[in-house]
Amino acid sequence: MTQDRARFDRFLPLKPFVLDVLLELADGKKHGWALIRDLQQRDGGDRILPTNFYRTLRALRDDGLIEEARGDANEDGVERRQYFSLSTLGAKVARAEVKRLEALVVDPRVRRLVKAR
Amino acid sequence: MKASRSLYRLLLRLCPPDLRREFGDEMEALFLQSLERARGTARLRVWVRAVSDVFRHGLGARRDTWDKFRKTSAYVEYETGGWWMDTLRYDLRHAIRAMGRQPVTSLIVVMTLALAIGANTAVFSAVHTVLIRPLPYDAPDSLVMVWEKREAEGVMNNSVSAADYLDWSRTAQSFSSMAAFTEVTADLTGAGDPEKFPMAAVSSPFFDLLRVRPMLGRTFAPGEDLFGRNRVVVLGHGIWRQRFGGDAAVIGRSIMLNGNPYQVIGVLPAGAAFPHTEAQLFAPLVLFAPDEPPSRTSHNFGVYARLRPGVSLEQARSEMDRIGKDLEKTYPQLSRGHGSYVTSLPEEITGPVERTLVVLMAAVVFILLIACINVTNLLLAKAAGRRREMAVRAAIGAGRARLMRQVLVECAVMAIAGGAAGLLLAVWTVRLLASQLPAVARPDQTVIFSTPILLFTLAMCVVAGLMAGVLPAWHMVREDPAEPLKEGGRSPASMKKALRFGLIIAEVALTSLLLVGAGLTLRSFQTVLSQPAGIETDHRLTFRLGLPGARYRGSEAAARFYAELEARLAAEPMIQAAGGTMLPPLTGLDGRRGVVIENREVGPDDGPTRAHPRVVTSNYIQAAGATIREGRGFLPTDIESSLQVAIVNDTMAKRYWPGASPLGKRVRFTDQEIWREVVGIIGDVKHWGLDAPVNPELYLPSTQFPTFAMTWVLKTNGDPLALIPIAQRHVRELDANLPLFQVRTMEEVAAKSVERRKWTMTLLAYFAVLALVLAAAGIYGVMAHLVSLRVPEIGVRLTLGAKPSSVMRQILGEGAMQAGIGLVIGLGGSLALMRGMRTILFGIEPTDPITLASVGVSLMFVALLAVAIPAVRAMRIDPIAALRQ
C-alpha cells in the first residue's frame, strides 16, 4: 500500500484540467473528440487548447494513468478513432486527488471561512 | 480558411513529430472549429491563444520526450521546475516597466552601451574576418605566394618576370598549380558610357588554383593565356549586375576592352574576392608574343601557387632555392643573384593589418569599460532612489539573491537593448573600418549579422550588463532592509563616495590611455606628412612601361625608345617636363647592389657598402621635382660612349664621403668593372614611403645603364589625368603592343603611401573622442549626483558663514583631485602599455612627452569643465531652502 501510494503521490496535486479529464473517463471509454465535447459542455465555451490537450493526453497515457481502448466497430465505420479509458493507476490517482480536495474542504478553517460569508 | 489551415500546420511543426503524427489532424480540426465559431476580433484572440498554446505546450511536449524526470510537469499543478523561468519572466516584465518609469536614464544607459557595444562589434567583425576566419578559399593554408628573392640586395619579395614564372611552374614539384597575376586598366566601351576599370590579367590556372568557380559560363581554359587565344573575359558579379543588368545571356557576347573585342565566357559569383586586386574584369595574362621569348628582365607579376598535399612551406622553399640556383647557372647574366622565396598567402594578406587591429580591439575594450563605469555610476545614483523599493521587497520575503537577480536582469535588458542599437552603429562603423582591410577579408554588413558576430555581441551585452550591474546590485541588497524604512533613514553616503571616486579615477585612467594611443598615432601621422618626399606630387601623372627584352635587345634600342618617347612627350604643349625612372618614389619598389667607392678605406666595423641604383632619363629629375644640390643633373649628352656618370643622393654623399665632396670621385658596382664619375648630388627622395628611412642611392642615366621597365612622370600645369590619352597615343605610335600599367597621379601615389596610417589614426581618434565624451559625461554625472546629496550639508556651511566661492572651490578641488589621480595612473600605465604600439608609430617614442603632456592638459580641462557645472550649482545653493529640505 505504501509503495502504491508513493507511486501515485508523485502525480499530486493534479491540475484541475487533468482531474477533469480523468473524471470524464471514469464514466467509460471515450475518444478524443467526445472527450473534448464533454469537457466543453461542462466548462462552457471553448477553453480547450489543442496542443495542451493532446500533450496532456499523451503524457497521461505514457505514464499509465489512461489506456488506449478498442472502439466499437459499428460506431464509425470508416474513421479509425482512438479510444481512451481510465487505468487502475489513473483511477487511484483521481481518487487520491479527490480525497485531498475533500480534506481541504472539511478543514475547520475552510468551514469558518465559508460560514463567514 | 485554407490559409489558416496551412499556417496552423506550419505552426504545429514546433510539436515533436510523434505527437504531430498521432494527433495532428485532431489538433487542427479542433483549432479550425474554434476559429469558425469566433467572429471579428475574437478570431484574432483565437489565433493569439493558438500560437501561445503551440509555443508553450508544443515545445513543452518536446521536453516531455527527452526529459523523463520532468514528465509529470505536463499535468502536475505546481511545476517544481518552472519556478526559475517564471520568476525570470516576472523580472523581465519588471525590468521593462522600470525602464519605462525612468525613460531618460534608461535612454542614456542604452545609448552609452550602444556606442560601446557597436564599436566592439565592428572591430571584432574585422578581427574575425581578418585574423580568425580562414580566407574564403578552399584549403587556404596550402596557398602560397612565390616571389623573386635578391638576397644580396636585401629584397625578399620582388615581382616576378614572365620567364621566371614559366620556368618555375614547369619545374617545381612542390605545387599542384601556379598562376601569375598583374593589374592593368581597361577602357570598357560599347555598352553604355565608356568607363575605366581595373582589370586583373591572370594566367589560366588562376581560378582553379584558388578554387573559385564561376556562377555562369566558365573560367579560363589551359592555353587561353597564349597570344591569339586571349580575347576572352570573365566578369565579376558587381560589374555584371551594374553594366550588363545581371543578364545571363551576356555569356558569349563580345565586349570592347581597350578597343579590342573580348568574348565574355563567365561570370563570377557574388562575394568572390581576390587577394591583391579589386578588379571586376579578368582577362588572360599573355606572357609572351609569338615572335619573342618571355622576358626575364621585366618584373611585373605576382605569383600564387598551391602546395601539393603533404608538402610543407619549408620543403617548397628549399625546392625553389634549388630551382633558383639552376636558373642562375643557366642564365648567368640575367638571373645572377636572383632566387625565389615562398610565403604563406594568408600571412601576406593579414600580416600588414594585424597589429593595427589588435590596437583597435584594445581601444574598443577600453571604451566598453568606460561605458560600463558610466552605467554603473548612473545605476548607483538610481539605487539611492530605489532603496525603499528594495527594502519593501526584502521585508516581504525576497532574498538577497532574488533582489540581486532582479537588478542584474534590469541591467541585462538595457544591455541587450544597447546591443541591438549597437549592431546598427556597427554597420556604419564597419564601413569606416573596411576600407583598408584586404579585399578577401573585408567585413561588411552581412558579416555583422553572421552567427559568430551576433554571438559575440550577445556575449558583450551579457558581460556589459553584469559588469555595469553587479556593483549597484550588490550595493542595493547589502544594506539592512530596516534602515531605509525608518523615517529619515540616513543613506550610507560615505561608502558610496569612496566607491564613486574610485570609478572616476578608473574612468579618467582608461580615457587617458585611449587618448595617448590616439595622440601618438596622430603625432606619428603629422610627422610622416611633414617628412620631405624629395619630389613634388602635384600636377603629375605617372605610368609604367615594360619593354619586351627580345625586341629591345641591348641598351641601344631601349635607350633610343626612351629618348624618343621623352622628346615626343616634352614637345606636347600640355606637358612641361617628362622623364622616366626605373623605380618610382613612394611605392616601395626597390633593389640594391654592392658598390665600391674609390679610395675609401673600409673599416672592420663598417657594414657592406651598398647603394640602391636608380636609373633615370635625363629629364626625370626635373619632371619629378627633385632637386640637384650640387653639380649637375644628367644631360642628353651623357650617352653610352661618353664618360660614365652617376649622381648620388645626400645620404650616400654623407655616408661614403664624410666631410668631403663626392663630386669628381669615382664609384663602381661590385660586380662591374666600369668606374662612374659622380657629377652631382641630388636631395634625398623617399622611395619606400614618407615614413621609411632613405638609403644611399646611386642615380644612373638610362643611356648608360640599360633597363627595361620604367615609370614615367609627366608634369603639367593642368589636370594630370588629361594627359592619359596623350601618353597612350605617343606610346602606341612608338610601339603598338606596349600597354600602360599603373596609371596614377603622383598625388594618388603619395596618398596611397600613407593611407593605412591615416586609417589607423582616424579610427583611433574616433574612438578616443568617444571615450572622452563618455568620460566627461561620467564625471559630470558623479559630481552632480554627489553635489545633490550634499545639498543639506552645503546649506549648513553657507548658513554658518562659508563663502559660496570656497564651496565651489572645494567641489572643483575634489573633482580635480580624482581626475588628477586617474590621470597619473593612466599616463603611468601608458608608459608600460604603449610599447605595444611602437611598430605602428613613426618618428616619436611611445613615451613622447608632448603627447603625454597634451593628453594630460586636455583631459584635465575636460574633467574640470565637467566638474565646474555641479560646482557652480553648489555655490548657488540657497541656504534657507537647503536647510528646510
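What follows is a quick chat about the chains, some strand pairing and the contact.

Me: Before we start, what sort of model is this?
Reply: It's a predicted model.

Me: OK, chain A then. How many helices and strands does chain A have?
Reply: Chain A comes to 6 helices and 3 strands. Along the sequence they go α-α-β-α-α-β-β-α-α.

Me: And what share of chain A is buried?
Reply: Buried residues account for 26% of its 117 residues.

Me: What about contacts by sequence separation in chain A?
Reply: Take the contacts between residues at least 6 apart in sequence: 58% of those join residues at least 24 apart.

Me: Switching to chain B. Which way do S4(B) and S5(B) run, parallel or antiparallel?
Reply: Antiparallel: S4 (residues 175-189) and S5 (residues 195-202) of chain B are joined by 8 bridges. One of the pairs is Leu188(B) with Glu195(B), the latter in S5(B).

Me: And how does S5(B) pair with S10(B)?
Reply: In the parallel sense, over 4 bridges, with S10 covering residues 281-284 of chain B. There, Val202(B) sits opposite Pro284(B) of S10(B).

Me: Now the contact between the chains. How many residues come from each?
Reply: Chain B gives 24 residues and chain A gives 21.

Me: Which helices of chain B supply at least two residues each to that?
Reply: Helices H2 (17-37) and H3 (41-66) of chain B each do, on the side that touches chain A.

Me: And what's that side made of, by class?
Reply: The side of chain B touching chain A has 12 nonpolar, 5 polar and 7 charged residues.

Terms used. Residues numbered from 1 in each chain as written. Chains lettered and ligands numbered in written order. Predicted model: local features only at pLDDT ≥ 70, side-chain atom pairs only at ≥ 80, totals over all residues. Buried ≥ 20, exposed ≤ 12 C-beta atoms within 10 Å, placed from the backbone. Contact = placed C-beta atoms within 7 Å. Pairing = 2+ DSSP bridges. Nonpolar A, V, L, I, M, F, W, Y, C, P; charged D, E, K, R; others polar.
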